[in-house]
Amino acid sequence: MRGVNGVATLSRAIAGGAVAGRQQRLVQAALLSSSSAQNSPGFSRILADHLGLSSPSVARGVTGTMFFSAAAATSLAHEAHAKESPRAEIKSLPKDVVLYQYEACPFCNKVKAFLDYHNVPYKVVEVNPITKKEIKWSDYKKVPILTVDGEHMTNSSDIIDKLFQRIHPSSSIPDSDEDRKWRRWVDDNLVHVLSPNIYRTTSEALESFNYITTHGNFSFTERLVAKYAGAMAMYFVSKKLKKRHNITDEREALYEAVETWIDALEGREFLGGSRPSLADLAVFGVLRPIRHLQSGKDMVENTEIGEWFSRMEKAVGEPSRIKE
């Protein structure tokens with residue numbers, strides 16, 4: 001992650017406040033909820049040193065927790081065409097798939113969109129973003145981590161590539177230059193406009209953290225601290241992120257990004273033509289969690305994303321997650 005000075009300044013300000021000990025670390029860890037954190041090991045070391053933490057993984061604790069879930073599917077006609085066809089071509093499915101995740105992590109949601117679309121059954125282990133005790137067995141301390149028949153996979157894009165090759169062993173990854181371009185665009189551009197939008201106002205920040213604390217793996221005390229102190233922290237952090245990414249108007253930046261994607265479709269049902277490509281799944285995975293937050297509602301009302309989003313809901317269908 002580039003330009004950490006603004007976030008470090010805010011973390012010092014919070015460090016001087018009333019929240020102490022583990023609760024203070026929770027609030028400060030919330031400062032890491034920039035969507036580029038998945039690919040920025042250097043920043044976690046800086047913040048870990050700043051907070052006096054023993055591990056950068058703790059400083060990165062709630063990296064994924066600013067994105068939020070839910071989306072409903074409708075109409076079966078298009079779903080039969082877009083979802084069943086790829087399943088019919090699948091030679092074999094992995095038998096034991098476990099996703100270690102934060103429910104709100106955008107990169108975890110990219111992986112889930114791929115799994116759901118291909119009807120791959122998977123179990124979910126929700127990782128506590130503070131203790132990370134669920135992944136103490138792993139040297140890799142970020143999410144998502146996917147175990148597939150005993151093999152450990154990390155980094156959302158690498159996971160998706162490896163999964164595709166497992167599911168379609170006789171096929172190369174259908175990753176055209178166009179598709180690669182837009183998959184990179186998701187990680188390098190789209191995710192950057194989300195935090196300033198979902199934390200745009202204090203009420204939106206509370207709305208977001210209400211979801212986080214309801215679905216995340218928090219203790220009762222952590223839940224209370226995260227909801228209120230975390231929401232306040234991220235409201236101010238979002239202003240820093242807005243400045244860092246040269247965003248003048250949060251909603252306009254979101255609308256512009258979404259319209260950029262719609263323009264890329266050039267009238268096609270999906271970037272992949274008649275079926276979703278890996279880029280379609282990446283964009284959908286990132287946007288699906290915010291769909292029913294205020295920012296997501298505004299996005300659908302003020303852009304042309306609605307029809308494509310509905311097609312993707314039908315194509316991806318119901319989650320293939322195994323409920324335990």
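A residue is termed buried when its relative accessible area is under 20%, exposed when the value is over 50%, and partly exposed in between (1.4 Å probe, protein chains only). Under this definition cysteine 105, with a relative accessible area of 3%, is buried. The structure described here is a predicted model, in which local features need pLDDT of at least 70 and side-chain atom pairs count only at pLDDT 80 or more, whereas totals for chains, interfaces and linings use all residues. Residues are numbered from 1 along each chain as its sequence is written, and side-chain values use heavy atoms, with hydrogens and water left out.

The secondary structure of the chain consists of 16 helices and four strands. Of the 324 residues of the chain, 56% are classed as buried. Contacts were defined by heavy atoms within 4.5 Å. Among contacts between residues at least 6 apart in sequence, 76% join residues at least 24 apart. The chain exposes about 13,800 Å², and 49% of this area is supplied by carbon and sulfur atoms. Accessible areas come from the Shrake-Rupley method with a 1.4 Å probe, and for residues only the protein chains shown count as cover.

Helix α9 comprises twelve residues (residues 177–188) and should span 16 Å at 1.5 Å a residue; its end C-alpha atoms are 16 Å apart, in agreement with that value. The expected span is 1.5 Å times one less than the number of residues in the helix. Within α9, Asp179, Trp182, Arg183, Trp185, Val186 and Asp187 are buried. The cover over the buried residues of α9 includes α7 (106–117), α8 (156–167), α13 (250–265) and α14 (278–287).

A salt bridge was assigned where a side-chain nitrogen of Lys or Arg lies within 4 Å of a carboxyl oxygen of Asp or Glu. By this rule, 15 salt bridges are counted. One of them joins aspartate 161 and arginine 183, with the closest N and O atoms 3.0 Å apart. Aspartate 161 lies in helix α8 and arginine 183 in helix α9, so the pair ties together parts that are 22 residues apart in sequence. Arginine 183 has a relative accessible area of 9% and is therefore buried.

Another salt bridge is formed by the side chains of glutamate 204 and arginine 251, at 2.5 Å from N to O. This pair links distant parts of the chain, with glutamate 204 in helix α11 (residues 202–215) and arginine 251 in helix α13, 47 residues apart. Glutamate 204 is buried at a relative accessible area of 5%, and arginine 251 is likewise buried at 4%. A network of salt bridges links Arg200, Glu204, Arg251 and Asp298.

Glutamate 134 and lysine 133 also form a salt bridge, in which the closest N and O atoms are 3.3 Å apart. Glutamate 134 counts as buried because its relative accessible area is 16%, while lysine 133 is partly exposed at 48%.

A disulfide was defined as a pair of cysteine sulfur atoms within 2.5 Å. The structure holds zero disulfides. Cysteine 105 takes part in none, and the nearest cysteine sulfur to its own, that of cysteine 108, is 3.2 Å away. Cysteine 108 is likewise in no disulfide. Its relative accessibility is 0%, so cysteine 108 counts as buried.

At the surface, Leu206, Phe220, Leu224 and Tyr228 form a nonpolar patch with about 420 Å² of accessible area together. Patches are made of residues with over 30% relative accessible area and no salt bridge, like charges being joined within 9 Å and nonpolar side chains (Val, Leu, Ile, Met, Phe, Trp, Tyr) within 5 Å. Helix α12 (residues 220–244) contributes the largest share of the nonpolar patch, three residues. Tyrosine 228 is found in helix α12 and, at 48% relative accessibility, counts as partly exposed.

Valine 124 belongs to strand β2 (residues 123–126). With 11% relative accessibility, valine 124 counts as buried. Apart from its neighbours within four places in sequence, valine 124 is in contact with Leu99, Gln101, Arg321 and Glu324. Valine 124 and glutamate 103, which are 21 residues apart in sequence, are 9.3 Å apart in space, C-alpha to C-alpha.

How values were computed. Helix = DSSP H or I, 4+ residues; strand = E, 2+ residues; numbered from the N terminus.
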